Amino acid sequence: MSITALTPTTSPLFERISESKKEEVVRDLSALLGAKYVLHTFYDLMLYEYDASIDRCTPDIVVLPASTEDVAAIVKIAVHHNIPVVPRGAGTGLSGGAIPIYGGIVIVFTRMNRILEVDYDNLRAVVQPGLVNLYLTNALNPQGFYYVPDPSSQRSCTIGGNVGENAGGPHTLIYGVTTNHVLGLEIVTSEGEIVQVGGLAQDTPGYDLTGLLIGSEGTLCIVTKIITRIVHLPEAVKTMVAVFDTMDDASNTVSEIIATGVIPAAIEMMDQMILQAVEADSHAGYPQDAAAVLLMETEGLREGVTEQVEQIVAICDKHHARAVRIAANEAERQLFWAGRKNAFGAVGRISPEFYVQDGVVPRTRLPYVLRRVGEICTSYGLRVGNVFHAGDGNLHPLILFDSQIPGEVERVRKAGHEILAVCAEVGGTITGEHGVGIEKQEEMALIFNEVDLQVMQQVRQAWNPHQLFNPGKLFPMPGRCADVKQL
Amino acid sequence: MGEIETFESALQAFASTARVTSDADILRNYAVDGLLPLFVVTPTTTKQAAHVVALANQYGLSLLARGGGSRISVGNLPERIDVLLETNRLTHVLEHEAPDLTCHVEAGLTLAALQAKLAKKGQWLALDPADAAQSTVGGILASNASGPKRLRYGSARDLVIGLHVIQANGEVTRSGGRVVKNVAGYDLNKLYIGSLGTLGIIADANFKLHPLPIAERTLLLTFTNAGDSMQMVIALLGSLLVPSALELVDPAAASDMNDFFGVNLPTNRYTLAIDFEGATATIDRQVDETRQLARKYGVLMVDDLAGESQDHFWEAVREHTQGTVTCKVAILVSQVAIYLQIVEQVCHRHDLEAAVVAHAGNGILFVELRPSDATYRLVEAIAELRLHAKEARGSLVVERCPVDLKRRISVWGEPGSDFYLMQRLKNQFDPNGTFVKGRFVGGL
């Protein structure tokens, strides 16, 4: 049973393929890629049945293409046999985007992981989708540059996956998310055609297809090449941790920082439950009796950073911060961040399972919404921790649960839904960076009406009319096989 | 009764609040490339506007939205305009959530009026296209207009967080929302921005705002040639410094700006204008370092602007992007200097003159060609310049030109390999062809 299970009301979009058909398709794919790069045994496929969300479903075949032409040929084989295709980066997604809910072919980009071109004069890089996010930044660092979007999973997530989900990260507060850093794509369409959209230069005439495809969660096309912006590393970085005795003080601090127009590079909030989990895991030195901590970073020119730090400290003081600590050196800064970036993992130590939400609210509504999140979870008898991008108003409540306890999954589902309903009610949205996937299909109706959704369906109709690509995602769709992952 | 008459009587039903006119004298003011609409309708609410679109759809009429009209002639010749929907009475600021740094405004509000309102709370919408007094929010978004400061703040696609759009069947739909981060569903905002009203009509928009800069200063650097000035641009872009705008003005454009705007630029040199914003201390340091860097690239003269003279200078730059025949060329920054030489050669060959201002840090050039009535020479020169832009992995769009020239060229150029996907989108959004055809890429 899935945490977001819907009652099947119609027959599924795709039937699972028969063994004989599977053999035939494996033969076609092996002829194309070589048998080594076509996985089809139960043992091999297990690894590809889940991502970082709580659903799972086993694909029939996993392929590892080496080139755009391979991808196009794979799609043509899939079209020929009418088998769904799901692209997969590193499987770190949090909404089930890479889970093949009708089985079929999963395309894994491990072999398409190269940096094809870096142009420092024009501040561009051209990369393949399987490239790990952090590897691009690591490659650029010696020349003094980096790639901005930095999801917490950046050590393993791929840029192709980031494009699919329009990934964010702590440092997107002033610099924007993936869509603000990608200028063009090479794609394979659902007919298996290779097409270029956007480009190295700006303002390509015609519709902004690049902008449309980023964040389309593998439902419109498969991305095979990405043109990104690169940015000069800042001269100075200051990281600070402010400690608060109440959540309200912490969230009011965030609101005031934004309202005064002092916009740091990142403002992250962690509440007591998270602080305790993180401390047990990373020993970053976070106080465990505090109600909340704000992790803030300001960067840029030395003069500007010094001034911003003073302003931020003053605002923290005004809102009764118990202490504000500024990282003395790079090692301490890394330690602060390690605590934040490993927070999800740390929570895994204290709970068998957790369910993370990704709602966004106007930043001024944070105090209210955080209170409501607490109340909702209490009313269902569930524990919750909050670790999130406060500067963007992007919440990540982690609801702890144990699926072995009867009825617990259902209560988690209800609590999650209510939290997103509160986000919608205050003018927010249901997902800021994790995507809709299979997890929030139902919740799309909280922010979009029938007609809004219909327009989106028209877009899918134009690009992926037979739902060959990532079927049964984004929109409410009955009849699927995903299971809750047993940890 | 014919369709037009039935449509007219249906319109009259709510004419007490929306202005409907078919008076030939008035219609003349609304001609697009010489083509007159049959009706001009000026609704006062989105609901009315949506109703007009629904009626046009129902009666098989062709409809075009118009804001302030400042960019209405962008694009190829329209095929037919039955109804011109004027949005300039949809002017409400629906919300200005100042502490959230966001706002929600109707499409017919002019940019200048919006900025004045936001400035009261020390904020602004970081878009600086030409003609803010006349341009409306809807028109700016539909034509994806931008200005010099896009270097720092990006363009409309980076600032719009939500839209309400009137679809071809008259239904009003929402995309995005009012929060600064949102990945729920397809990012349709991107699709509507720059689509020139071919997919839907923007009724209102939610924006991400910025605080007004504490201070601002502009350095004017003078160089002997384009090569040195572009070396300077590349050095700046790859440095720690964060200019808000980097504008290159060629000698001919400098001379125009002197004549028409009373600025005082050297007319035999290239001027590079560098705008810095922020706290005074960071500006001072950046100004110093820019001066030092400029010496390395053979700067001849440095001038410093602030206050009114600075505002006036940038106003002149923005207005200069709108000549009678103006091509917008988008290429890589590293190709700009070579491209400027090509412009010179091509113009020389065809006995034309060019004046260029460029968002040098973005690789976007506005090439004004003269004389504007040398139609045949212009046709040939534009074809050559377009070819060179393509070779430089970019594009050339003729943003402004007389109708006579427009009849003989495609202002957008040949569509790319992704055009069939654009056509499919258009067919999905507007199956009956309610939104005026002919103007956008490939006749969409």
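Which domains does the domain assignment of chain B give? I looked this up and found domain 1 (3–86), domain 2 (93–211), domain 3 (215–318) and domain 4 (326–406); such bounds come from an automatic or database domain assignment.

Ground rules for my notes: this is a predicted model, where local features need pLDDT of at least 70, side-chain atom pairs count only at pLDDT 80 or more, and totals for chains, interfaces and linings use all residues. Residues are numbered from 1 along each chain as its sequence is written, chains are lettered from A and ligands numbered from 1 in the order in which they are written, and side-chain values use heavy atoms, leaving out hydrogens and water.

Next, I turned to domains 3 and 4 of chain B. Their centres, taken over C-alpha atoms, are 22 Å apart. I found 17 residues of domain 3 in contact with 16 of domain 4 (heavy atoms within 4.5 Å).

I then looked up the buried area (accessible area, 1.4 Å probe, that two parts lose on being put together, summed over both). The two domains bury about 1,200 Å², with 63% of it on carbon and sulfur atoms. On the domain 3 side, Met230(B), Glu247(B) and Leu248(B) supply 35% of the area buried against domain 4, more than any other three residues.

Last, I checked for charged pairs. I found one salt bridge between the two domains (a side-chain nitrogen of Lys or Arg within 4 Å of a carboxyl oxygen of Asp or Glu). Arg370(B) forms a salt bridge with Asp256(B), and their closest N and O atoms are 2.7 Å apart.
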